[in-house]
Amino acid sequence: MKIIVCAILAYLLTGVSQVIEDLGGRTIDRPMWAMRPTFAKAIFVVLAWPTRPIIERGSTALGRSIAFATLGVVIQLAVLTTFIFWAYTLAGFVFENFALQLILATAITFIGLMYLLPLVWVLATPIILAFARSLDSLFSTKNNRTPAVDDPPGPGVHEVSVWSGFTAWQKLIRSVVALAILALPFLAVFMLVKI
């Protein structure tokens, strides 16, 4: 139950940070909703922040953008959920009172977000790059054919559909492998919780 509460808290904190980032930027860099912000628009951004990376990547290779955006969201939520869970667990070792546990967990979380979380991201970069490399090999956008004489000039690399040239079984296997790769960070969080 604690891990679910921590995951919901991580989701909401990430949404609030997205709203603060949108409203704190220069006027020229703000998204459209932040030009005339309302409370309802801010609540919508808090709840719909995982869709932002998919929308910002564009629609040139939709499967690829969805895969990489999902990987980013899953890793971000996994790291933040684990961090909040360990802060709350550490506070439980220090105090028996729920109010004092909550205050200490909040202090640990905010101090840790400023100082420890950047270090965690640096240490997690090789793991993230391994996930990204495997997704890149699954959702490659390069077409390896040699250009014909009547092709337009260019390097021979063209955007193609993620599913072009595959049979139904290959598409199914590719989808299952991509979902398994995206599920690995959640599995790591649950394994850490069991320790």
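Guide: Let's start with Arg-52, which counts as buried because its relative accessible area is 17%, and the cut-off for buried is under 20%. Keep in mind as we go that this is a predicted model. Arg-52 belongs to helix 3, which covers residues 52-57. If we set aside neighbours within four places in sequence, the residues in contact with Arg-52 are Gln-18, Asp-22, Pro-31, Trp-33 and Val-45.

The side chains of Arg-52 and Asp-22 form a salt bridge, with 2.7 Å from N to O. Asp-22 is part of helix 1 while Arg-52 is part of helix 3, so this pair ties together parts that are 30 residues apart in sequence. What is the relative accessibility of Asp-22, and how does that residue count? Asp-22 has 5% relative accessibility and therefore counts as buried. The salt-bridge count for the model comes to one.

From Asp-22 we can follow helix 1. This helix has 23 residues, and its first and last C-alpha atoms are 32 Å apart, close to the 33 Å expected at 1.5 Å a residue. Its buried residues are Ile-3, Cys-6, Ala-10, Thr-14, Gly-15, Gln-18, Val-19 and Asp-22. Gln-18 and Asp-22 are both among the contacts of Arg-52.

Leu-47 sits in helix 2, and it counts as partly exposed because its relative accessibility is 48%.

The largest nonpolar core has 20 residues, and Leu-71 and Leu-135 have the most contacts inside it. At least two residues of this core come from each of helix 1, helix 4 (62-94) and helix 5 (98-138). Helix 4 supplies the largest share, 10 residues. Another core lies apart from it, with six residues that include Val-19, Ala-42, Val-45 and Val-46.

Is Ala-87 buried or exposed? With 3% relative accessibility, Ala-87 counts as buried. Leaving out residues up to four places away in sequence, Ala-87 touches Ala-105, Ile-108 and Thr-109. The C-alpha atoms of Ala-87 and Ala-107 are separated by 8.8 Å, and these two residues are 20 apart along the chain.

Finally, step back to the whole chain. The protein chain has six helices and zero strands, and in sequence order its pattern reads α-α-α-α-α-α. Of its 195 residues, 29% are buried. If you take the contacts between residues at least 6 apart in sequence, 63% of them join residues at least 24 apart. The accessible surface of the chain comes to about 13000 Å², and carbon and sulfur atoms account for 73% of it.

How values were computed:
Residues numbered from 1 in each chain as written. Predicted model: local features only at pLDDT ≥ 70, side-chain atom pairs only at ≥ 80, totals over all residues. Heavy atoms only, no water. Helix = DSSP H or I, 4+ residues; strand = E, 2+ residues; numbered from the N terminus. Buried < 20%, exposed > 50% of the residue type's maximum accessible area, 1.4 Å probe, protein only. Contact = heavy atoms within 4.5 Å. Areas by Shrake-Rupley, 256 points an atom, 1.4 Å probe, with all protein chains shown as cover. Expected span 1.5 Å × (residues − 1). Core = buried A, V, L, I, M, F, W, Y, C linked by side-chain atoms within 4.5 Å. Salt bridge = Lys/Arg side-chain N within 4 Å of Asp/Glu carboxyl O.
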